Amino acid sequence: MKRDVWSRYKFPLLFISPALLGLILLHLFPMFQGFWLSLLESNKSTIEQYLHAPFVGLANYREILFSSDSQIRQGLWDALRNTVLYTVFVVFGTIVLGIGGALLVHRNFPGRSVARTLMLFSWIIPSYVVGMLWGFMWQQEEGIVNQLLFDRMHLDIITTWFGVHWDYDTLGQLIKPRWLTGENTLWAIIIPTIWRFWPFAMVMFLAGLSSIPSEVYEAAEMDGASKSEQFFQITLPLLRPVLAMIVLQGIISNVYSFNIVSMMFGNGAGFPGKYGDLLMPNIFRNSFQMWNFGVGAAISTLLMLVMVGVVALWYRRFREDLSNE
Amino acid sequence: MSRAGKSRWNGPLLTTLTWGFVALNCFPILWMVWCSLMGNNEILQGKTMPDPQRNDVFYVDSLPKTGLLAGTINGELYAYGQGASKNVRYLNLGEVSTSYARQGNNLWALSASGGLQQVDLAHWRIAKTWGWHWIRSQFQQTDKTNFILPPEGFRTQALHQISGQLNNEPWPAGASKSLAEITGLSFPQDQSIVDTLNRLLADSTLRDKSLQALRNKPSWLNPVIPWLFSKERTSRDSRELFRWCLAELFPGDVSRFLQIPWNDVWVNRVPGSGHGTSVSECGDGKICFALWWDEFPGIGVLDPQTNTLGWITARKGLSSSSVQHLLSLNEHLLLAVTDAGLSLIDIQTLSVVSNVLYGECGLKYLDGRDVRVAALDSNKILLAYSQEVMLFDFSTRQGELLPVPMLKGVTSDITALEVDSSFAYLGTSEGVFSVNLEEWLASVQDQENGILHQKHYTHVFESSDGAGIDAVVHDIQSQDGALHFGGLLGLVSSWDVSSQKLLWHAQLPEGRFNLHWRNYEDLWKTIPFGRFLRNSFVICLSVMLISMFVAALSSYALARFQFPGKRLFNGAILATQMVPGILYLIPIFIVFTAVQQYFSIQMVNTWHGIILVYSAFFIPMSIWILRGFFINIPRELEEAALIDGCSPLGAFLRITLPAAFPGIVATGIYVFLLAWDELMFAWVLCTDTSTATIPVGIRLYVGQFGNRFDLLMAAASVATLPVMFLFFLMQRHIVTGLTGGAVKG
């Protein structure tokens, strides 16, 4: 029987075997090790003992979840809050810009393919470059954002009419907002991320849009549907499978976002601060700068479980769209 | 009807909106490239737009017949006639970070890009140029790599002494082991000690062991050493650090073994004092010059008549090779202000007469901060830093703070300092203050007796009257009862000292807007960026090839065949995308260290380690994308081949694989892009320069990059270019591959 299976499926089994080996060796095996490490007190002094580091049971989990005076826990909760806000805003912004951009370049106009290509530019830039570039652009004095907004457009004067308060120094110079410290940091990481990822959404939506047969619109036009009715009644519902994929991709890639934040602050040498820290940089710091592997593995394990839950929720929400196809 | 009207306006409006959107989206990228072509000075000063900006004057001097000469940091020279508000002559040296020194009818300009230039003021032209290339070749004739062999006539006693110290004396003082015991080397008593020392330098483990022992030695005289210990070091730093420590622990003849580093000149460096270059005339018609960074060997002394170059370096006792100011005190004595302290140098013998480190002899500890100096006579100098002025006397080796009450209420630091026979002049952002020298110096004596003659201070010049300087004064020149100022925004003016009246003022015309390729050259010269680029390419290409090979096989199997566990395999591939990368990274790092420990196979900091991890990491995703391509290839093609007598493998190789090839290439390029963009794994698994990818490399040199936005943007542009090219090469196929899964299900 066993031989039978082998001779029958020899070909595909041989073909998948390298990938399977990689999957077991570098995915499955480390994953279980990671889980085991989260139960150990694994740090710089015990790293040489490998998996025989002192077993502490759920102590790491207790520290990050319940011990109220732990700095690790405080940092983790900050990072968690930031990550949730970051993911929600980025996914939302990406989708809005993606649909908008897709609709704009789906029309026929001179230079359409050039415009499409140019729109992809921000997506191709490596994300660490995005972090460096925007870290430069957000600088208080040297940064182009403040220069454009305040030196050129004098946003301070305009917004004062609407009751926004600005501070000026003793020489009467405007104290421009600091983007890379304090609460602004969250926006300083959200905006570049949207900028980097919206073209991906646009590409997906564009593919979705071009798969909608034009007869559908012609029929709707016959029935006297307005453009906006067509958009909300036809386009959006038909784009739901694409939307589902983008939401999933967006959630996963943004919860696990590391590069932009870690390169934006001091080119990888700085701490992003209370409002700029995300889960991945946080875990990374705990593991590879504080050398507390046990805690890092514990947070990663918890995060993975939470993400399984999130994906399950996503699946329930979009199940019909996926099965329709 | 309304519909027709709408569409007539809708089209152009939406098209405009689209192009606006495109422009906005591309702006940051254009900005990145734009800034990578600019000097950091301009970026830091906000002069990033090509609109009318006047370049700052960093040098003023009088010309014969009371004319005025003004020089900018960009090597632009302007000559003004008497009372003329427009410049009468203009000379563009075309360089960046330029410093000037006057020698009779010659002006010497030292720039970080062009080297030393001699300008003939009488004929108003560049007389001669000594480029960095020439300077470097001259220097290299005097230098060898690593520890150099002692010269002929070197005392054998010195070799005995150093070998005895290294073999027997504790390393560091008070410890229990000597260097010989720590490293297991024995240091011979003859010239071959140099080979032993070089072997130690070349072996990173031995070197690290030796350095480890010194790590917390509290009493380093040289302030550079603790700093070198504290920063994240490269191999080159470690070698340098070891040499420093050796010279520091066993001073004397061993310092003759010191190698003098030479790195290519790093232009546009903005140290505290604006230039980073300094040049001075130093007696006998000689010109000395130095740069404000560690990688430069020290002070070069050029004799223009004989065209020879002498050097004053660490081997000759210079405390630091990073020189901020050079000042000629008299015919043969030169003052060098370095980031470690002050050095008096005898030009005739090219030797250091005396060294004073900051933190000693009443001097403040000024680790590389902005200092201005002026000489009162060949022994006494004035040092100005932030808002304080210090009198330093080399004969007593004592420094004393001078009271500076006139700076009360002034917010800026002292930006210029000039002394003539009776007055000292302090330039600030709010004009120049003058003070009678005799009374000022006397007040120090009186202060000791408890009397402070503050009332003697008068401030002569106020700049806020609008007529003269109302910007930072960068240079002051006093001549025959007249004072010349030059400063921010190209303002220059002359004042009469006795009547305190403004004689004349002018503003430079708009200077040139400085765009150049230099940042890209510097990127290669100053950090091993070429190596990072190579590492990135090698790693990403290998990952691409390996993962395409493995993924093509698996995805073909998934697309064509049924086999037990297919659903599980499919699910596992999707599930890997949900696991946070760091959950793999921690165990992989620990396993790698364990492999190194138990099997002595180097895994961290190797190409094969990171390639293995990346390949495994990107294979599942590639399988998923490739599966779509394989499904779309008609099965009939293969079946026809099978009927024609082809084996299944043959059908795959000859029919399906070529058909899927564009898809495989596109997916491969996508994997390349992802690997190029990966930071977290590389950050842990490639941490030294031999394997670091571009982002890790940038991070390694973050201390040197600091606020060098120009270099950062150049690095960013170089990192973007290859992936952009690859993407647009295969744009259509990549988009098809990525959207295939979503749109077709």
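Analyst: One term to begin with: a salt bridge is a side-chain nitrogen of Lys or Arg within 4 Å of a carboxyl oxygen of Asp or Glu. This is a predicted model, in which local features need pLDDT of at least 70 and side-chain atom pairs count only at pLDDT 80 or more, while totals for chains, interfaces and linings use all residues. Residues are numbered from 1 along each chain as its sequence is written, chains are lettered from A and ligands numbered from 1 in the order in which they are written, and side-chain values use heavy atoms, with hydrogens and water left out.

User: How many salt bridges are there across the interface of chain B and chain A?
Analyst: The rule finds 1 salt bridge across that interface. The side chains of B:Asp677 and A:Arg196 form a salt bridge, at 3.2 Å from N to O.

User: And over all chains, what does the count come to?
Analyst: Over all chains the count comes to 8 salt bridges by this rule. Another pair is A:Asp78 with A:Lys274, whose closest N and O atoms are 3.4 Å apart. This pair links distant parts of the chain, 196 residues apart, with A:Asp78 in helix α3 of chain A and A:Lys274 in the loop between α12 (259-264) and α13 of chain A; helices here are DSSP runs (H or I, at least four residues), numbered from the N terminus.

User: Back to the interface, how much area do chain B and chain A bury between them?
Analyst: They bury about 8,500 Å², 80% of it on carbon and sulfur atoms, where buried area is the accessible area (1.4 Å probe) that two parts lose on being put together, summed over both. In chain B, the residues that lose the most area to chain A are B:Asn25, B:Met578 and B:Leu583, together 8% of what that side buries. As for contacts (heavy atoms within 4.5 Å), 93 residues of chain B touch 95 residues of chain A.

User: New topic: at what angle do α3 and α13 of chain A cross?
Analyst: Helix α3 (residues 71-106) and helix α13 (residues 279-288) of chain A cross at roughly 155 degrees, their axes coming within 8 Å; axes are lines fitted to C-alpha atoms, for helices over the stretch in contact, and angles run from 0 to 180 degrees between N-to-C directions. The two helices are therefore roughly antiparallel, a label for angles over 145 degrees.

User: Which residues of α3(A) and α13(A) meet there?
Analyst: Among them, A:Ile72, A:Leu76 and A:Thr83 in α3(A) and A:Leu279 and A:Asn286 in α13(A) belong to this contact.

Definitions and conventions. Angles under 35 degrees count as roughly parallel, over 145 as roughly antiparallel, 65 to 115 as roughly perpendicular and the rest as oblique.
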